[in-house]
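Here is a friendly tour for anyone meeting this structure for the first time. Take a look at the view below, then read on.

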Amino acid sequence: MRAASDTPGILPAIARLDIAGVTADSRHVVPGDLFAALPGARVDGRSFIAEAVKRGAVAILAPPGTPWPDGVPQRPIIFDPEPRRCLARIAAVLAGPQPKTVVAVTGTNGKTSTVEFTRQLWASAGRKAASLGTLGVIAPGFDTGSGLTTPDPVSLAETLAGLARHGINHAAMEASSHGLDQFRLDGVRLAAAAMTNLTRDHLDYHGTLEAYRQAKLRLFETLLPEGAPVVAHTATDSVTLEALRQIAQRRRLDLRTVGEDGDGIRLLDARPRPDGQDLSILAHGRRCDVVLNLPGRFQADNALVAAALTDSLGLSDALDRLPLLQGVRGRMECAARLPNGAVAYVDYAHTPDALERLLMALRPHTAGRLHVVFGAGGDRDRGKRPLMGQAASRLADVAIVTDDNPRSEDPATIRAAILAACPGATEIGDRTKAIETALNALAAGDVLVVAGKGHEQGQIVAGTVLPFDDVTVIRRLAGLEPRA
Ligand SMILES: CC(=O)N[C@H]1[C@@H](OP(=O)(O)OP(=O)(O)OC[C@H]2O[C@@H](n3ccc(=O)[nH]c3=O)[C@H](O)[C@@H]2O)O[C@H](CO)[C@@H](O)[C@@H]1O[C@H](C)C(=O)N[C@@H](C)C(=O)N[C@H](CCC(=O)O)C(=O)O
Ligand SMILES: Nc1ncnc2c1ncn2[C@@H]1O[C@H](COP(=O)(O)OP(=O)(O)OP(=O)(O)O)[C@@H](O)[C@H]1O
Ligand SMILES: N[C@H](CCC[C@H](N)C(=O)O)C(=O)O
Ligand SMILES: [Mg+2]
């Protein structure tokens, strides 16, 4: 049998096929599965149809025109012009329940922090809540390690079903631009969404900033149901904000902005304290003062987006709960305080804007000199390297350029691209040596930030993952106990 279909009519066709499961990886096919044969970035999944059938696939999902391979026993084949979207929808149907309230956060920087703050706000109000993203799944009874920021649609659907079955009815998830572009979230029933900001990243994948923007906007244009709440931070560039306003108007989305010019939550003032900041806020026509136990302006931005999201879904005392927020691992995390009072932080800044915002955030906490140790990932947007170099050169007093995750690239070439725009920086490829050199140079009143790898537990070098954790290295070199 051959069924020709596009997504709207496809679920009944799938129901008639009586499939047991779905996968896009022939190596994971078990008898009774539907195999989604997807042309990919590295290989063409259609070339694995024979293997999938051999392993027991009972049907195939593929783009129109996919030929049936010679000599392979015929199985039903469903054609869909967007097979990845179709896969996501099928996976959601097969997996079953989802938490009743799922929100998605997109933006170049701040997604992990915002979903985690959203989870914490819900949890503080007694709701069983989860966050999903770069840090994996954080929820009571769940401890899933990190993989992709937005998981593939089959594991995403299974994770959401697992959460729902455990009575976790609130979930905040990250929507990466890759995930949105590849339809990974197309089976998720969303209640609300947020945009933190949009600056340069991932142009290796999207090609242009406009294509990157359009991938992010899919969340609001296509995935959110009409009438849903949307939160946007006013740090988002004007082109993206205007596009969001138009989408919101067309789809009757309830758009609330947050930030200095915000119409939902307006930040009137932020005064840094040694370990946090005091915020003055205007929301719902009332002015309030909030003690945030998190340093750095960008952390206030993310916390306010989380507060607006939860508020939009009925958590009326969200702002009062902000003082309860705890820092997110590897995001402006204080790794060590040295005997002379100098402080070393670890942060995940891996884009030019993040590095700039990070260094600006640390300046008010730096009585002496501000030191930064950073690099840039291999096999990722090369254009951001000199821009990160410029940011460090402009905003730090002492810069050491080191290796991040070189992946398949020559680490020296990556460093050279950064150094070309960061005159005066020292080059130390070995990350441990770079951190040691920086720590040894810290005088009283100085601040060091080791940027780029945050929570990561390994360094990816030529296909091998070497154990590496910035906080552990800092604490060991500083003669301190490992972090609890
Ligand atoms: C470039 C990219 O995003 N690729 C993602 C994409 O892979 P793909 O489908 O293009 O993969 P492919 O290797 O060409 O294979 C094509 C198809 O053949 C199948 N196959 C392959 C081999 C085989 O033996 N049998 C088989 O069936 C594959 O399962 C796949 O379906 O779809 C896969 C399933 O969803 C993802 O795992 C994979 O992520 C790769 C591993 C990746 O590194 N992605 C990164 C860049 C990423 O997505 N990052 C974002 C952004 C991070 C952020 O800034 O927040 C993220 O969400 O993590
Ligand atoms: N609102 C923000 N504006 C600018 N920079 C930010 C903001 N929030 C966080 N950052 C910077 O980005 C880094 C990563 O933050 P976070 O992990 O929350 O972002 P993300 O969007 O999830 O990143 P990824 O794309 O890797 O998933 C932080 O360590 C900080 O340096
Ligand atoms: N989600 C981001 C993380 C980058 C982290 C940085 N340490 C690097 O390896 O570039 C990416 O995959 O581009
Ligand atoms: Mg993230």
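Predicted model: local features only at pLDDT ≥ 70, side-chain atom pairs only at ≥ 80, totals over all residues.

## The shell around ligand 2

Helix 11 (352–362) contributes four residues to the shell around ligand 2, the most of any element. Helices here are DSSP runs of H or I with at least four residues, strands are runs of E with at least two, and both are numbered from the N terminus. Helix 4 (111–124) and helix 10 (297–312) also give two or more residues each to that shell.

The shell has 23 residues, and N109, G110, T112, S113 and A349 come nearest to ligand 2. A residue counts as near if its C-beta atom, placed from the backbone, lies within 6 Å of the molecule. By class, the shell around ligand 2 holds five nonpolar, 11 polar and seven charged residues. Nonpolar covers Ala, Val, Leu, Ile, Met, Phe, Trp, Tyr, Cys and Pro; charged covers Asp, Glu, Lys and Arg; the others, Gly among them, are polar.

Residues are numbered from 1 along each chain as its sequence is written, and chains are lettered from A and ligands numbered from 1 in the order in which they are written.

The chain has a mean pLDDT of 95, with 98% of its residues at 70 or more; pLDDT is the predictor's confidence in each residue, from 0 to 100. Over residues 1–6, pLDDT stays under 50. For the complex, the predictor gives an ipTM of 0.97 and a pTM of 0.96.

## Domains and the other ligands

The domain assignment, with bounds from an automatic or database source, gives domain 1 (10–81), domain 2 (95–324) and domain 3 (333–478). The centres of domain 1 and domain 2, taken over C-alpha atoms, are 34 Å apart. Domain 2 and domain 3 each give at least three residues to the shell around ligand 2, whereas domain 1 and domain 2 each give at least three to the shell around ligand 1.

Around ligand 1 there are 21 residues, of which G40, R42, G45, D152 and S176 come nearest. They divide into six nonpolar, 10 polar and five charged. The residues around ligand 3 include T149, H350, R380 and D404, and that shell has no nonpolar, five polar and four charged residues.

One open sheet has 11 strands in the order 9-8-7-10-6-11-12-13-14-15-16, with mixed pairing. Strands pair if DSSP finds at least two bridges between them. At the edges are strand 9 (142–144) and strand 16 (286–292), each pairing on one side only. Strand 8 (136–139) and strand 9 run antiparallel and are joined by three bridges, with V137 opposite T144.

Strand 17 (333–337) and strand 18 (343–347) pair antiparallel over four bridges, and A336 has A344 as its bridge partner. Five residues lie between these strands in their hairpin, where G341 takes a positive phi near 95 degrees. Strand 19 (370–374) and strand 22 (447–451) pair in the parallel sense over four bridges, and H371 stands opposite L448.

Notes: Contact = placed C-beta atoms within 7 Å.
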